[in-house]
Amino acid sequence: MRDEATVAETAFEELRSRGLRAIEKGELEEAAEIFAAALRLAGEQGDPKRIDLALCNWAAAVIELGRGDGEISRLREVLLRNSDPVNCRMAAYDIARYYELKKNYKKALFYARITRDRSETLGRRDWLASSHNLIGNTLLAESFLEEACAEYEKALELFPPEPSPARGQILDNLGYCRILQRRYPEGYRLLYESLRLLRRFGARRHEISVRLDLCFAHLETARYEHSRRQGLAALALAESLGDAGAVKNALYLLGEVANLNGDLATARGYFARLHRDFFPEAGYLPEFLLAVDIRRLVNLHA
């Protein structure tokens, strides 16, 4: 018979595996609950290394949910203790992602580079790929387009070729960059490949981003009906999952689609909702947005 320690370790790893599958699919609330259970179990077992590992997993989920403010100091402690290279890498990644979501891109880039260096030391190609993807995100958010493309290209080269939601996200990021570079055929190929992957795995939260990017791509190439369909699909997903940032971007794009297609009443309706739900103090907003090129104002990856 297996001893109690082995049984406990198996239970912990089973919880972690379930949580990792959930977070990969974007099922964040479920992932947070599973990782919280893993963290409690690690605490009962009293293994410091396992406690840090569980903390990093749990923090990754709550950071994505926007509830990670209280975890950054604990993650820094894991990083500074430097007691386990895997936990250090995970802590650095979580901190970088936190600052990316907070739009503090200088700090995000600092920790993303620590993540990359740790991944190189560990020899994990998949972690190195995700580190380059994260660096690309911070560079793109700051409008360093060419540098971001180079990071996404490295990420795609390093990432395992097997289909996965994580690979789909990298394809989405690079595809959006190609559209910004006006390399439309390549951009469309990457974005639709990303969409197929994400739908295959049921990664609905990640699907929002690629549908917004496709809405933008079709808008850039004057395919207004295709753009509208992708924008409406993104809006519906974002509303169902409570992603306020994506709802806002969808409203911008759908308003611009209607405006460029000559449907001023519909465009004004989308822009009026933006004013009502996101910028209530800006009464001038609907008319202003009707008069400007929104495609030049919105960075969908910032």
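# Helix packing and salt bridges

The model is predicted, so local features need pLDDT of at least 70 and side-chain atom pairs count only at pLDDT 80 or more, while totals for chains, interfaces and linings use all residues. Residues are numbered from 1 along each chain as its sequence is written, and side-chain values use heavy atoms, with hydrogens and water left out. The points below cover helix packing, salt bridges and some loop residues.

**Helix α5 against helix α7**

- Helix α5 spans residues 85–101 and helix α7 spans residues 125–141; helices are DSSP runs of H or I with at least four residues, strands are runs of E with at least two, and both are numbered from the N terminus.
- The axes of α5 and α7 come within 11 Å and cross at roughly 20°; axes are lines fitted to C-alpha atoms, for helices over the stretch in contact, and angles between N-to-C directions run from 0 to 180 degrees.
- The two helices, α5 and α7, are therefore roughly parallel to each other (angles under 35 degrees count as roughly parallel, over 145 as roughly antiparallel, 65 to 115 as roughly perpendicular and the rest as oblique).
- The crossing of α5 past α7 is left-handed, a term used if the near helix is turned anticlockwise from the far one by less than a right angle, with clockwise giving right-handed.
- On the α5 side the contact is made by Val86, Arg89, Met90, Tyr93, Ala96 and Glu100, and on the α7 side by Trp127, Ser130, Ser131, Leu134 and Asn137; contact means heavy atoms within 4.5 Å.
- Six nonpolar, three polar and two charged residues make up the contact of α5 with α7 (Ala, Val, Leu, Ile, Met, Phe, Trp, Tyr, Cys and Pro count as nonpolar, Asp, Glu, Lys and Arg as charged, and the others, Gly among them, as polar).

**Helix α3 against helix α5**

- Helix α3 (residues 48–64) also packs with α5, at an angle of about 20° and with the axes 9 Å apart.
- That angle makes α3 roughly parallel to α5.
- Here, too, the crossing is left-handed, with α3 passing α5.
- From α3, the contact residues include Lys49, Asp52, Leu53, Cys56 and Asn57, while those from α5 include Asn87, Met90, Ala91 and Asp94.
- The contact of α3 with α5 holds nine nonpolar, two polar and five charged residues.

**Salt bridges**

- Side chains of opposite charge can pair when their charged atoms come close.
- The count comes to 27 salt bridges, each being a side-chain nitrogen of Lys or Arg within 4 Å of a carboxyl oxygen of Asp or Glu.
- Glutamate 100 and arginine 97 form one of them, with their closest N and O atoms 2.9 Å apart.
- These two residues, glutamate 100 and arginine 97, are three residues apart in helix α5 and so separated by about one helical turn.
- Both glutamate 100 and arginine 97 are buried.
- Arginine 268 and glutamate 287 meet in another salt bridge, at 2.9 Å from N to O.
- This pair links distant parts of the chain, 19 residues apart, with arginine 268 in helix α14 (residues 264–277) and glutamate 287 in helix α15 (residues 285–291).
- Arginine 268 is partly exposed at 34% relative accessibility, and glutamate 287 is partly exposed at 46%.
- Aspartate 293 pairs through its side chain with arginine 296, at 3.5 Å from N to O.
- Arginine 296 has a relative accessible area of 48% and is partly exposed.

**Loop residues**

- Asparagine 82 sits in the loop between α4 (72–81) and α5.
- Its phi is near 55°, a positive value in a residue other than glycine.
- With 45% relative accessibility, asparagine 82 counts as partly exposed.
- Serine 143 is in the loop between α7 and α8 (145–158), and its phi, near 70°, is a positive value in a residue other than glycine.
- Serine 143 is exposed, at a relative accessible area of 58%.
- Glycine 68 belongs to the loop between α3 and α4 and is buried, with a relative accessible area of 1%.
- Leaving out residues up to four places away in sequence, glycine 68 touches Val62, Ile63 and Tyr98.
- From C-alpha to C-alpha, glycine 68 and leucine 79 are 16 Å apart in space, and they are 11 residues apart in sequence.

Technical notes
Buried means under 20% relative accessible area, exposed over 50%, partly exposed in between (1.4 Å probe, protein chains only).
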